[in-house]
Amino acid sequence: MTTLDTPATEPAAPDERDLSLWPASTERLPGGDLSVGGVPLAAIADRFDTPVYVLDEEEVRARCRVYRHAFPGAEVFYAAKAYLSRAMVHWADDEGLGLDVCSAGELQLAVTAGFPPENIVLHGNAKSPHDLDTALRLGVGRIVIDSPAEIARLAAALGPDGRQKVMVRVAPGISAGGHEKIRTGTEDQKFGLAISDGSALHAIARVLDRHRRLELTGLHCHLGSQIASVKPYATAVRRMVGLMARVRDSHGVTLPELDLGGGHAIAYRPGERALDIPALARTVRAALADSCAAAKLPVPRLLIEPGRAIVGPAGIALYRVLAVKRTGEHVFVAVDGGMSDNPRPALYGVRYTPRLVGRRPTAAPRPVTVVGRHCEAGDVLAAGVDLPADIRPGDLLAVPAAGAYHLSMASGYNLVGRPPVVAVTEGHARLLVRRESLADFRTRDVGL
């Protein structure tokens with residue numbers, strides 16, 4: 001099986017045989033098709049129509065186990081924002097992971113699916129009263145405080161006899177991540193409280209003043225997304241332990257937990273570097289031991305929150321080609337989806353590697369731009385990718401590494417409807433989330 005710590009290689013030349021981005025269960029079939037989880041992709045497209053997301057259940061579970069094995073003794077929380085459904089809730093629970101949620105909606109879906117609320121962490125830079133009330137009513141395990149206003153609001157919502165475990169989110173002043181829009185560890189963005197200006201220490205003091213209602217279990221930070229190096233995490237450990245030492249010195253309190261968030265990179269194109277998870281675990285443990293020894297602190301319990309690295313490589317998006325058009329030097333391949341089911345290329349320039357499946361090409365590859373069907377010039381799914389020169393309407397394109405931030409960020413633009421999600425395992429395909437229909441849009445439209 002392909003593991004998360006597979007070392008990066010030099011970018012390969014375009015090669016239809018390259019399956020490095022695909023789930024470990026992927027197999028080539030006669031006639032140019034691929035199977036994932038023992039199910040041919042063309043058969044999935046025929047049965048469920050396109051666009052459609054495909055999730056390899058065993059790949060998801062295996063990646064959960066990689067984290068559990070790499071971080072023994074730590075708490076691993078799956079970041080539900082990457083992709084959430086009732087099936088995903090059960091997979092995470094089965095594999096011994098907690099959940100990291102960002103809203104009352106994610107929280108309620110998880111709890112109503114049977115997930116234990118005490119194993120859930122609630123995040124959010126601007127939690128609504130409904131978010132907090134729902135978390136308290138359902139008994140969420142920890143709430144991560146992200147602003148001073150939340151401290152008083154949460155204490156008031158608890159009432160005189162309530163008690164809630166909380167953490168304080170810190171911005172440690174570290175720039176890491178694949179794009180400026182997904183870097184969250186710096187002090188010039190909306191998440192967390194800065195160390196440098198005293199905001200974090202001040203918020204911690206306010207929480208400790210309400211210790212009868214708010215139990216401060218530790219500190220939290222999240223550096224960003226698509227981080228491929230272990231070095232920023234080591235730096236974060238040192239800065240966070242330094243802050244924990246200041247809390248001890250100022251308030252006589254030794255905090256028992258440290259949450260380093262997630263943001264672990266995956267590869268979207270051949271040769272791209274994914275974060276080496278066992279190497280991350282070794283680096284973090286060493287930095288934590290050294291920093292705590294220097295500060296004369298006991299080593300805190302570690303929490304981590306991977307999302308994309310668990311579900312991203314397990315997903316495939318399938319599209320049907322609607323049109324092929326030449327405009328000057330450019331060849332555009334238009335498909336039946338686009339930015340409504342994957343806004344990430346338009347938002348922060350993510351590059352994917354689509355592949356023709358379902359038939360063997362008869363022509364050499366050439367550079368094309370795969371575009372969506374929506375009324376935006378920026379509706380581009382993959383620019384400058386190599387596809388066979390005989391690509392034509394009706395062909396099936398498969399996009400690997402499509403399990404994270406597709407359905408969760410999908411929209412109803414042009415009333416196209418969000419695609420379904422199909423799970424595959426051991427030769428069987430089953431529907432997890434049905435396709436959004438015109439009836440769904442019509443039902444929500446209640447006025448004249």
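**Exercise 1. Find the bridge partner of serine 35 in strand 3.**

Solution. Step one: the partner is proline 40. Here strands are DSSP runs of E, at least two residues long, and helices are runs of H or I, at least four, numbered from the N terminus. Step two: strand 2 (residues 34-36) and strand 3 run antiparallel and are joined by two bridges. Two strands pair if DSSP finds at least two bridges between them. Step three: the open sheet has three strands in the order 1-2-3. At its edges lie strand 1 (27-28) and strand 3 (39-40), each pairing on one side only.

A word on the model: it is predicted, so local features need pLDDT of at least 70 and side-chain atom pairs pLDDT 80 or more, while totals for chains, interfaces and linings use all residues. Residues are numbered from 1 along each chain as its sequence is written, and side-chain values use heavy atoms, without hydrogens and water.

**Exercise 2. List the buried residues of helix 7.**

Solution. Step one: look along residues 199-209 for Ala200, Leu201, Ala203, Ile204, Ala205, Val207 and Leu208. Buried means under 20% relative accessible area (exposed is over 50%, partly exposed in between; 1.4 Å probe, protein chains only). Step two: see what covers these residues; helix 6 (148-158) and helix 8 (231-251) are among the elements.

**Exercise 3. Describe the lining of the largest cavity by class.**

Solution. Step one: count 10 nonpolar, four polar and no charged residues. Nonpolar are Ala, Val, Leu, Ile, Met, Phe, Trp, Tyr, Cys and Pro; charged are Asp, Glu, Lys and Arg; the others, Gly among them, are polar. Step two: strand 4 gives the largest share, three residues.

Notes:
Contact means heavy atoms within 4.5 Å.
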